[in-house]
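Dear colleague,

Please find below the structure that I am handing over to you. I would be grateful if you would read the notes after it with the structure open.

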Amino acid sequence: MIRVLLALLVLTSSATADTAASYLYAGDYNNAVKAAVAAKDSQSKWAGFDAAMLSGQLSEAQRLAKELSKFDALDADVAQARLEFATGKRQSALSRLGNYVSVKRGQVKIQPSARKHYLLQIWKARLLHDSGRIADAESLFKKVIRSGKLASKKYEEHAFLLGTAYAYLEEYERANARFRDGRRGKRHRGNVAWGNLFLNKYSIGDAQASFEDVLKFAPNHPHANVGMAKVVIAQSYNLDKAMDYLQVALKTNPQNTDALAMQASLAIDRNDWSRAYSLLDKVHAVDPEHLEGHALRATIHWILDDNPAYEKRKALVMKINPKFARFFHIVARSAQREHRYKRAVDLELEAIKLKPDYYEAMQSVGSGYLRLGEEKEGIKWLEKAFKGDPYNVRTFNLLNLFDDTIPNDYEFIKVGDLRFRYHKEEKALLRHVVEPFLVDAYQDMIKRYKFEPAKPTTIELFKSLEHYSVRTVGLPNLGALGVCFGKVVTARSPYRGDANWGMVLYHELSHVFAVQLSNYRVPRWYTEGLSEYETLRKDPSWRRENDAQLADLLRSKRIPSIVDLNHMFLSRGDVMNAYYLSAVTIDYLVGNYGFDKIVDGLRMYGKGNQTGAVIGHITGLSVEQFDKKFQSYLSKRLARYLQQFQLPQKGYDDPVVWEKNLSAKPNDAQTRAGLALSWFYAGDAGKTISNANKALEIDSKNALATYLLAEVSYVKKNWEEASKYFSQMIANGQSSYEILGRLAGLAQKAGDTKKAIAYWCAAKKARPEWSVPYSELYELHKKEGNLDRALLELQSYVRIEQMAAGPAFDLLEQLVDRSQWNGVVQFARHAIFIAPAEPRLHVMLSRANNELGNPKEALHSAEAAMLLAKRNRRPGLAQIELARALNSLGKKGEALAAINAALASEPGNQRALKLKREIQK
C-alpha cells in the first residue's frame, strides 16, 4: 500500500514531479540527488543536498554544496558547514560561518550579507552550542527570534527555524507551537523536529504521530525511522520492532550515526560489548567527534569498572564540548539498567553540577531516589525539575501520583524488616493473605542466602495498573507484572485476580537478595535465572513450559555460551527463551554444585568479577568446558524433543534462494523439500504441492515433504488426505507433538473419540508440559462418562496453567462434590495465588481444613472470606466454616455468634442449624 501511495504521489504531484524537491518529499533520495545535479536552480540544489545528507551520499553532498556557490556563496558555506558538522569537523564549520557571524561574550555581529540568512545563523548557533559555548549560542538563537525580518521567509522555513531556536533555548511551549506550524513542510524536517521534541518530554504518543506523518509520504526517511525506533523502545521495549525501523534507516543511509549509535546503545543493554564497539567504530568513522558515541564508549568502560579508560574518554568529550552534561545522563541510563541505582543518581548529580538547569537530569535524580525508597528526597528533586520544566510527562505523572493519589489512597504497613504499601480498600485482605506469605519467604531467604538485605525492604502493591506503571517508570504503559529496584519491589495488586501473585512476588523478592548480595552488579541472566529457580523451588507448578523451544535452540545450534547468555534477553524473538535458559542453567548449577556456590557467585559479581570467572569458581571448569558439559546435559534433558520432527522456521523465506540451491543439487530430496517449504511460507499452495511431490519421488519417506502435503491438505479441509499423510509420518517414525495433535483433532472431527483419546495421550507424552492435551482429554473423558479420568486430566491442566483461575474453580467444585478434601486444599491454595479476592476459594479451603481436622488453617481462611463480605453473595457459608473452626478450637461463645450470623442470612440452612445444635450441647 505504501509503495502504491508513493507511486501515486510522484505521478500526480504536479508538472514538476521530476524535480528534486518532489523526490525528496517522497523519500526517493537517489532520484532527488540526480535531479538536483541536472537542475539549474538553487532550490533544487538545496533539495538534492538535503537528500544526499539524508541518504549518506556525502560525496554528492560535497558536489552540490560547491554548485550552490554559483547562486549564493553564503548558501554554499552553510551547506559546507553542515557537511563538516556531520563529519566531525566542527571547528572548521565554526570558522567557516564565523566569516559571516561572530559572537563573543553575548555580543552578536552579523555581516550585512548574512543578516537575512537565518539558516546560517541557526547553524552557527548550533555549532556554538555543541562546542560548549552555551551563552554565545543562546545569544545568537535569541537574535534570530528577535529579528522581525524572519517573518518574510517562507512559512515552513520560518516555523522550522523558530522552533529550532526555541528548542535549544528550552522554551518548549513556543518550540511546540512553531514546529506544529511547520509540520506540513515539503522537507519533513518540521515533523521530525517536532517528534524529537515530544520524545525529549516523554510524550510518546505525540512523538509517534509526528514521525508517522513523515513515514506516510517518505517511508524510508532515516530520521523518522530512528525516531520511531525510539518510540517503540519507550513504549514497550519491543526490540524486534525497533530494530526493523533502524534497519530501514540504515538501508537508506548506512552511515546514519543516530541509527548506529542507537543500535550500539541496545547492544550495551544486553552487555554485547564487541557488537557495541563495532557499531561505535562505524559512528566515529563518519563523525570522530560524535559526542553520544563517545559517551556510549565511556558507558562500557564504566560498567566494566575500567576507570582509567572511562576518565580518558570523559576527558576527550569535555575537550570537544566542556558543557556536554548529557554525557553523564547517557552513562546513568545504563547504570540504572545494570541495577546500580545509587550510582545512577550520582552520575545525574554530576550532570547537574555541569549544567545547573538540567531539568531532565533532575527528573532522573528524583526517579532514582524513588527507586531507592527515599521518597522525600525524590519528590524534592521532582519538584525542582517540574519548576524548571513543566512539560516533562514523567515528572508530571510522578508528582501527581505522590502528591495526590498515594497520600489519599495508599498507606504503609511495617512488618519487621518489610514495609508494605497497600491501597486502603485492599489492605485488610492483603495483610491477611499476602503478608504472611512474603514474611515467611523473606525469612527463609535470609537463612538460605546467609544475608540480610538493607532495611527496610519495601513492597508496593498498586490497585491501579496506571498507578503501578507510573510509580515504576513514570509512564502509564508498563507491561511487566512486577519490578525490583534492589530495595523496593513494585507490583500490580493481587486483588486483580489476573496473574499468579505468589509467583510474581516470590520472583521479585528473590531479586532483592541477588541484587544486593552482588552489590548491584549481577548480570540479568544470573538474577533472572535465580528468581525463576526460586519460584520453581517454592512450587513446581510455577514453571515456564519452554522445553520444546529450548530444544529448537539446541537443534539449530543457537544455545549461546554462558558468557553470552545476557545477549539473548535483547535478541530478536528470544526473550522468553532467555528467561527459561537462564532458569535451566541455574537449576543445573544448583543441582551439580550446590546452592551455596550460587551465593558465592553473587558475592564474586559484587567484587567486579565477570561471568567467566564466576562460572570457573562455581564449577572448576573453563567457559569452554562448561559450555560443552552443559550442552551435553541439555541433549539428555531434551532428548524427547530432539527426536521429534521439527518444521524449520528460519532460512526458508526466499524461494529464489532455494531455486538456486536446487540448481546445485537437483536430485537432493531435502533441497527440493526446502524449496517446497519456502513456497509454503510464501503462501503458494500449488508450488508447495508440486515440489513436495517431486521430493517424495526422490525419497518416499522425506519427512518435510510429507508434512507439507499434510498441512496443505489440512488447510484445504481435505481431512481424509491430511490424516493419510500425518499417519504416514507416524508409521515412518517421524512423529511430533504437532503431528499427534493434528491427528487427534482429525479423529475428533470424524467422531472417533477413542482414537482422539489415544492420539492426545501420545501428544501428552511428546510434550508433557503443554496444557492443550490435558484440556482436550478432560472434555473427551467427560463426554465418554469416565469422570474419574476426566478429573485427573483437569488436575494436570490446572497445575500447568498457573495463571488461569477459571479451570481451577471448575476443578474445585468437582472436588468438593466428591468430598476430596486433600485435593481441595491443594488446588484452593493454588487458585488463591491467582484470585485471592474471590471469597468462594477461601470458603472452600476453610471447609476442607475443617473436614481434615485443621481448625487453625480453617479459621484463617474463614476470616479471609469474612474480609470479602461485600463480594460474597452467600456470606453465611463463610460464617458456618468460621463457627466450625472456632468450635473446634474451644471458642464456643464466638462460634455461637458466628453461627447465629450465618442463620441470620440463611435461616433455613440445614448445615448451620445442625452445627448450632452441636455447639449448644
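This is a predicted model: local features need pLDDT of at least 70, side-chain atom pairs count only at pLDDT 80 or more; totals for chains, interfaces and linings use all residues.

Residues are numbered from 1 along each chain as its sequence is written, and side-chain values use heavy atoms, with hydrogens and water left out.

Helices are DSSP runs of H or I with at least four residues, numbered from the N terminus. The axes of α6 (residues 73–86) and α7 (residues 90–98) come within 8 Å and cross at roughly 165 degrees; axes are lines fitted to C-alpha atoms over the stretch in contact, and angles run from 0 to 180 degrees between N-to-C directions. This makes α6 roughly antiparallel to α7, a term for angles over 145 degrees. Contact means heavy atoms within 4.5 Å, and the residues making it include D77, V78 and F85 of α6 and R90, A93 and L97 of α7.

The loop between α6 and α7 holds T87. Is T87 buried or exposed? T87 is buried, with a relative accessible area of 16%; buried means under 20% and exposed over 50%, with partly exposed in between (1.4 Å probe, protein chains only). Not counting residues up to four places away in sequence, T87 touches L58, V286, D287 and P288.

In α23, the buried residues are E375, G378, I379, W381, L382 and A385. On the other side of α23, K376 and K387 are exposed.

Yours sincerely

Conventions
Helices (H or I, at least four residues) and strands (E, at least two) are DSSP runs, numbered from the N terminus. Angles under 35 degrees count as roughly parallel, over 145 as roughly antiparallel, 65 to 115 as roughly perpendicular and the rest as oblique.
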